Amino acid sequence: LVKLFLGICFIVAAAAGILLVDGLTDNIAQSDVIVILGNKVEVDGTPSPRLKSRLDRGASLYTQGTSKRILVSGGTGVEGYDEAVAMRNYLVAQGIPSAAITTDSQGVDSFATAKNTAAYLESNNLHSALAVSNYYHLPRTRLAFQRAGIEVVYTAHAKHFELRDFYSVARELIAYPYYLVRKD
């Protein structure tokens, strides 16, 4: 029983290690669109620190010339705000031209964002996306994008770390295998 427990602990620790290394290893290249995945908007309508870090990273990549387009994707959270609209407003306030930003208010989860991004790319005859999120979220995001048919997927992690990451890493250890078998 002890050997079984230790074996399970080893497998979980190894999977978490792989997730961490993968998520923290940026793969940045010139892309057709930078896709910033949504997260919580505060009750006052401003991006949470986690979301702000994603937006700041995406804005930095845009400013560096990595892409001429940004797609912000999110749903409406329990706070009642459309994440994509709040994200666009934040980016515009940071000096990103509104004409460069497309909002996807139907990105209620990573899979929906991936499907919506694939549709956006197809309708605009584009082929590559650079996904921006927190490090723990990027392996699953890349998987979702690839399963949605996006030909080339790059990744960049937001520079934000918090105690909640322990929960988020544990969640991803369950969510990634789920996305492997998810059908919709």
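Trainee: Does Arg142 count as buried or exposed, and what is its relative accessibility?

Mentor: Arg142 counts as buried, because its relative accessibility is 18%; buried means under 20% relative accessible area, exposed over 50%, and partly exposed in between, with a 1.4 Å probe and protein chains only. This is a predicted model, in which local features need pLDDT of at least 70 and side-chain atom pairs count only at pLDDT 80 or more, while totals for chains, interfaces and linings use all residues. Residues are numbered from 1 along each chain as its sequence is written, and side-chain values use heavy atoms, leaving out hydrogens and water.

Arg142 forms a salt bridge with Asp22 (a side-chain nitrogen of Lys or Arg within 4 Å of a carboxyl oxygen of Asp or Glu), with the closest N and O atoms 2.9 Å apart. This pair links distant parts of the chain, since Arg142 belongs to helix α5 (residues 138-147) and Asp22 to helix α1 (residues 2-24), 120 residues apart; helices (H or I, at least four residues) and strands (E, at least two) are DSSP runs, numbered from the N terminus. Asp22 is partly exposed, at 25% relative accessibility.

A further salt bridge joins the side chains of Arg50 and Glu162, at 2.6 Å from N to O. Because Arg50 lies in helix α2 (residues 49-63) and Glu162 in the loop between β5 (152-157) and α6 (165-181), the pair ties together parts 112 residues apart in sequence. Arg50 is buried at 12%, whereas Glu162 is partly exposed at 27%.
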